[in-house]
Amino acid sequence: MYKRILLTLDGSETSQQAMPVAVELAKRFGSELYLFRVIFPLAKSYRSGLASVSAIQKAEEQLRMLAYDYLDTFKEDIKKDGINTIVDSVIGVPYKEIIQYTERQAIDLIVMCTRGESGISRWLLGSTTDHVIRGSRIPVIVIPAKEN
């Protein structure tokens, strides 16, 4: 049913709460599991002259490499369960990159965790989860965040 499942991780323990669900679904359906992290671009103010463009690009690429290292820490454990696991990371606006990635990789299902924002902070900042749900053409399973 679901050949490719995307699990979005942002580096927080909160986002990792969705991992058991994604792993269980991948086991059940014999799916490939994509572990995906979006690195938000460095602030535009830095791009306006405080640092060179090449320095910003190098810093963003280092952040992306750290994201791969982070994702690889989970990949090996998941592979022990017999799940083919792919890690990937991009730089961009999270909800846009998640949606575009699912289209490029022919993902069948997205699994993600809420960040627990509510009220004014959610209104001011928006919600990546909300944007993904509204913009996705495929099913999205949302795991409510639990307080640690």
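Within helix 4 of this predicted model, the buried residues are Ile-56, Glu-60, Ala-67, Tyr-68, Tyr-70, Leu-71, Phe-74, Lys-75 and Ile-78.

**Helix 2 and its surroundings**

Helix 2 covers residues 19–29, and its buried residues are Met-19, Ala-22, Val-23, Leu-25 and Ala-26. Viewed down the axis of helix 2, these buried residues fall within an arc of 165°, and therefore they line one face of the helix. Pro-20 and Arg-28, on the other side of helix 2, are exposed.

Just after helix 2, Gly-30 adopts a positive phi of about 65°.

**The chain as a whole**

The chain contains seven helices and five strands. Followed along the sequence, these elements give the pattern β-α-α-β-α-α-β-α-β-α-α-β. Of the 148 residues in the chain, 38% are buried. Among contacts with a separation of 6 or more, 77% are between residues 24 or more positions apart. The accessible surface of the chain comes to about 8,800 Å², and 53% of this area belongs to carbon and sulfur atoms.

| Residue | Relative accessibility | Class |
|---|---|---|
| Asn-84 | 41% | partly exposed |
| Thr-14 | 18% | buried |
| Ser-89 | 0% | buried |

Asn-84 is located in the loop between helix 4 and strand 3 (85–91). Why does Asn-84 count as partly exposed? Its relative accessibility is 41%, and the partly exposed class lies between the buried limit of under 20% and the exposed limit of over 50%. When neighbours within four places in sequence are left aside, Asn-84 is in contact with Ser-31, Glu-32 and Leu-33. With Glu-32 there is also a polar contact between side chains, at 2.8 Å. Lys-27 stands 57 residues from Asn-84 along the chain, and the C-alpha atoms of these two residues are separated by 9.8 Å.

Thr-14 belongs to helix 1. Because its relative accessibility is 18%, Thr-14 counts as buried. Not counting residues up to four places away in sequence, Thr-14 touches Cys-113, Thr-114, Arg-115 and Ala-145.

Ser-89 is part of strand 3. Is Ser-89 buried or exposed? With a relative accessibility of 0%, Ser-89 counts as buried. Apart from its neighbours within four places in sequence, Ser-89 is in contact with Phe-36, Arg-37, Ile-39, Arg-64, Ala-67 and Tyr-68. Two of these, Ala-67 and Tyr-68, are among the buried residues of helix 4. A polar atom of the Ser-89 side chain lies 2.9 Å from the backbone oxygen of Arg-37.

Methods: Residues numbered from 1 in each chain as written. Predicted model: local features only at pLDDT ≥ 70, side-chain atom pairs only at ≥ 80, totals over all residues. Heavy atoms only, no water. Buried < 20%, exposed > 50% of the residue type's maximum accessible area, 1.4 Å probe, protein only. Helix = DSSP H or I, 4+ residues; strand = E, 2+ residues; numbered from the N terminus. Arc of directions from axis to C-beta. Contact = heavy atoms within 4.5 Å. Areas by Shrake-Rupley, 256 points an atom, 1.4 Å probe, with all protein chains shown as cover. Polar contact = N/O pair within 3.5 Å; in protein donor to acceptor, adjacent residues only side chain to side chain.
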